[in-house]
Amino acid sequence: MIAIKGGQFRMGSDRHYPEEAPAHDVIVDDFLIDETPVTNAQFAAFVAATGHVTLAETPPNPDDYPGILPEMIRAGSLVFTPPPGPIPLHDPFAWWSFTFDADWRRPLGPGSTIDGIEDHPVVHIAYADAVAYAAWAGKLLPTEAQWEYAARGGLDGRDYAWGDELEAGGRHHANVWQGQFPWQNLVGDGWDRTSPVRSFAPNGHGLYDMIGNVWEWTSDWYVDRHAASQSASPCCVPRNPRGPAEADSHDPCTPDLAIGRRVLKGGSHLCAPNYCQRYRPAARHPQPIDTSTSHVGFRCVAR
């Protein structure tokens, strides 16, 4: 783990997606954070020690999903499946497929394996799985403020973790999408899907893969704007802020499913200039706690 000296920074952004606003000052105390996302090898050690069964390996309870089709009561997870050509970008299910028996051991579904990618971030991890690993390791999941402060690497107010240009110096600084998402992946950074941790240079704190590769869970519930103090007085800057209550995090588009959503940070290898420009420290995304995918992982913190 890397020791992060606490301090004050500008959290959020007023220049990008509305859920990142308003930009506001925040103070965080000292903490430790994992140098990389948790890898397949590390998660395998956890499972071997505890016998943990992930949510993706567990058939859903029909009582939790009114109206679920009987044939869908099977274990599985969401796998990115690129279409053969250009398509409209309004429907994510055009490139996400719920794949039976896809899980952390079989990231692309039956027939796939983590052999040879033990040093890639573990994926198909639901929130409870990340919490269970953290507890086993004697750690916690980061708050959104901790995660963003660490991701900035000391570059307060910059768009990216390395400055103000996506490809500063003509180099790729993270595993993100090149080409027209979701069908054309030019693989300019060398990786079609996940990449080994430490494939790209660390940020100013010595942390790897804070941006791109996989989204990472935080412990805060999601709402679509920051609840920020606008006071300019140093005495009123929020210290170690936390998100809203769970009840405020439910998706208004699915009122029949009262499922909380946590904040994801960092973007992934699927973030692209033409679709999801969330390869930035300020960027944030809601993820239902009952959902795992082939591009979501996590890392831990400790006080």
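Author: What follows covers the salt bridges, pair by pair. This is a predicted model, in which local features need pLDDT of at least 70, side-chain atom pairs count only at pLDDT 80 or more, and totals for chains, interfaces and linings use all residues. Residues are numbered from 1 along each chain as its sequence is written, and side-chain values use heavy atoms, with hydrogens and water left out.

A salt bridge here is a side-chain nitrogen of Lys or Arg within 4 Å of a carboxyl oxygen of Asp or Glu. The whole structure holds 18 of these salt bridges.

Take lysine 139 and aspartate 34. Their side chains meet at 2.8 Å, N to O. The pair links distant parts of the chain, 105 residues apart. Lysine 139 sits in the loop between α2 (127-136) and α3 (144-152). Aspartate 34 sits in the loop between β4 (31-33) and α1 (40-50). Helices (H or I, at least four residues) and strands (E, at least two) are DSSP runs, numbered from the N terminus. Aspartate 34 is buried at 8% relative accessible area, while lysine 139 is partly exposed at 22%. Buried means under 20%, exposed over 50%, partly exposed in between (1.4 Å probe, protein chains only).

Next, arginine 74 and aspartate 101. Their closest N and O atoms are 3.6 Å apart. Arginine 74 lies in the loop between α1 and β5 (76-80), and aspartate 101 in the loop between β6 (96-100) and α2, so the bridge ties together parts 27 residues apart in sequence. Arginine 74 is partly exposed at 39%, and aspartate 101 is partly exposed at 28%.

Finally, shared partners join Glu144, Glu148, Arg152, Lys265 and Arg284 into one salt-bridge network.
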